[in-house]
Amino acid sequence: MRIASLTAALFAGAAVLSLTVLSPTGSSAATTSATTAEDGCPVREYAMGIRYQQSAHAAAAQLQSWSIAKDRLRKAIADHHSDRDLAVVTDLDETVLDNSPLLARDLEACHTYTTWDTWSDWEVKGHPTLTPGAADFFRYADRHHVAIYYISDRFEENKASTMATLRELGLPQVTSEQVLLYGPTKEQRRQVAAADHDVVLLLGDSLPDFHEAFDGATPDRQAELVARYAGHFGRDWVMFPNATYGSWRKSPLKAWDEPLQLP
């Protein structure tokens with residue numbers, strides 16, 4: 001969920017945010033939107049991502065991801081011959097939970113939600129919904145006695161509120177031992193699940209949800225790692241769409257170097 005390293009890269013107060021666009025030849029240009037610069041609200045650049053996250057397109061992608069996850073879990077159960085119980089490990093925010101109303105509210109107030117200073121209040125008082133397909137997947141896992149570990153970078157001090165939210169949404173196996181929040185690294189928390197189980201699925205919207213090598217890696221390095229671990233995606237790693245925040249925000253845009261010519 002939370003990419004803490006983004007905070008330093010964002011503006012303070014009403015400072016204007018600019019993005020660097022790299023062409024294939026390596027030249028650069030500042031591309032701050034005229035609209036965002038003129039209205040003094042650079043976070044308007046987030047609007048398209050939030051619209052996507054709330055769209056039927058994102059819902060279709062989420063349904064597809066949960067369908068893949070269920071098919072892979074069904075196969076893992078059928079192929080299971082170990083004495084160890086099976087487990088799945090899932091992220092929460094923008095994987096299981098849709099927090100886009102918070103993001104839209106902050107956008108309307110011209111507040112950058114990626115400073116994370118409004119998330120704690122949302123975790124306590126907000127009402128996220130489940131992404132389409134999530135409920136069916138977790139009911140299936142629980143019915144087949146597969147352990148579920150919810151590993152999220154939500155605030156540990158809000159753990160009681162997060163657990164209450166998960167229970168209100170009807171999610172199974174919401175226990176203190178199986179809801180592991182921000183503190184130890186996600187890899188360390190995944191190892192808690194792996195200590196007594198065969199972890200057969202990792203589910204998330206961010207690359208660090210799958211392997212510690214992605215955490216803190218540059219965009220180019222992340223691309224190399226995706227190629228290296230390509231065989232996992234759609235098998236034991238299932239990725240969910242999130243166009244609203246993530247370490248990908250650091251990526252330079254790669255522009256066509258042909259000059260713009262309007263008809």
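The tour begins with the whole chain and then visits selected parts of it.

**Before selecting anything**

This is a predicted model, in which local features need pLDDT of at least 70 and side-chain atom pairs count only at pLDDT 80 or more, while totals for chains, interfaces and linings use all residues. Residues are numbered from 1 along each chain as its sequence is written, and side-chain values use heavy atoms, with hydrogens and water left out.

**Stop 1: the whole chain**

Display the chain as a cartoon; its secondary structure comes to nine helices and 10 strands. Helices (H or I, at least four residues) and strands (E, at least two) are DSSP runs, numbered from the N terminus.

How much of the chain is buried? Buried residues make up 45% of the 263 residues. Here, buried means under 20% relative accessible area, exposed means over 50%, and partly exposed lies in between (1.4 Å probe, protein chains only).

Now show the surface. The chain exposes about 13400 Å², of which carbon and sulfur atoms supply 54%. Accessible areas come from the Shrake-Rupley method with a 1.4 Å probe, and for residues only the protein chains shown count as cover.

Contacts, meaning heavy atoms within 4.5 Å, complete this overview. Among the contacts in the chain with a separation of 6 or more, 76% are between residues 24 or more positions apart.

**Stop 2: the largest nonpolar core**

Select W66, L73, F137, F138 and Y150. Of the 28 residues in the largest nonpolar core, these five touch the most other members. A nonpolar core is a set of buried Ala, Val, Leu, Ile, Met, Phe, Trp, Tyr and Cys residues joined through side-chain atoms within 4.5 Å. In soluble globular proteins, nonpolar side chains tend to be buried together.

Next, colour the elements that give two or more residues to this core: α3 (56-78), β3 (85-90), α6 (134-143), β6 (147-151), α7 (159-168) and β8 (197-204). The largest share, five residues, comes from α6.

Centre the view on F137. Which residues does F137 touch, not counting residues up to four places away in sequence? They are W66, A69, K70, L73, V88, L201 and L203.

**Stop 3: around helix α3**

Select S65, which lies in helix α3. Its relative accessible area is 7%, so S65 is buried. Apart from residues up to four places away in sequence, S65 touches V238, M239, F240 and P241.

Move to G133, in the loop between β5 (129-130) and α6. G133 is partly exposed, because its relative accessible area is 25%. Leaving aside neighbours within four places in sequence, G133 is in contact with L63 and W66. Draw a distance from G133 to S67: the two are 66 residues apart in sequence, and 7.3 Å apart in space from C-alpha to C-alpha.

**Stop 4**

Select residues 100-108, which form helix α4. The buried residues of α4 are S100, L102, L103, A104, D106 and L107. What covers them includes α2 (47-53), β4 (97-98) and α5 (119-125).

Continue to C110, in the loop between α4 and α5. C110 has a positive phi of about 55° although it is not a glycine. Is C110 buried or partly exposed? C110 counts as partly exposed because its relative accessibility is 27%.

Q173 is not a glycine either, and its phi is near 55°.

**Stop 5: the loop between β7 and α8**

Select P184, which is found in the loop between β7 and α8. P184 is partly exposed, with a relative accessible area of 44%. The C-alpha atoms of P184 and D153, 31 residues apart along the chain, are separated by 9.5 Å.

T185 is also placed in the loop between β7 and α8, and T185 is partly exposed at 39% relative accessible area. From T185 to E212, 27 residues apart along the chain, the C-alpha separation is 8.4 Å.
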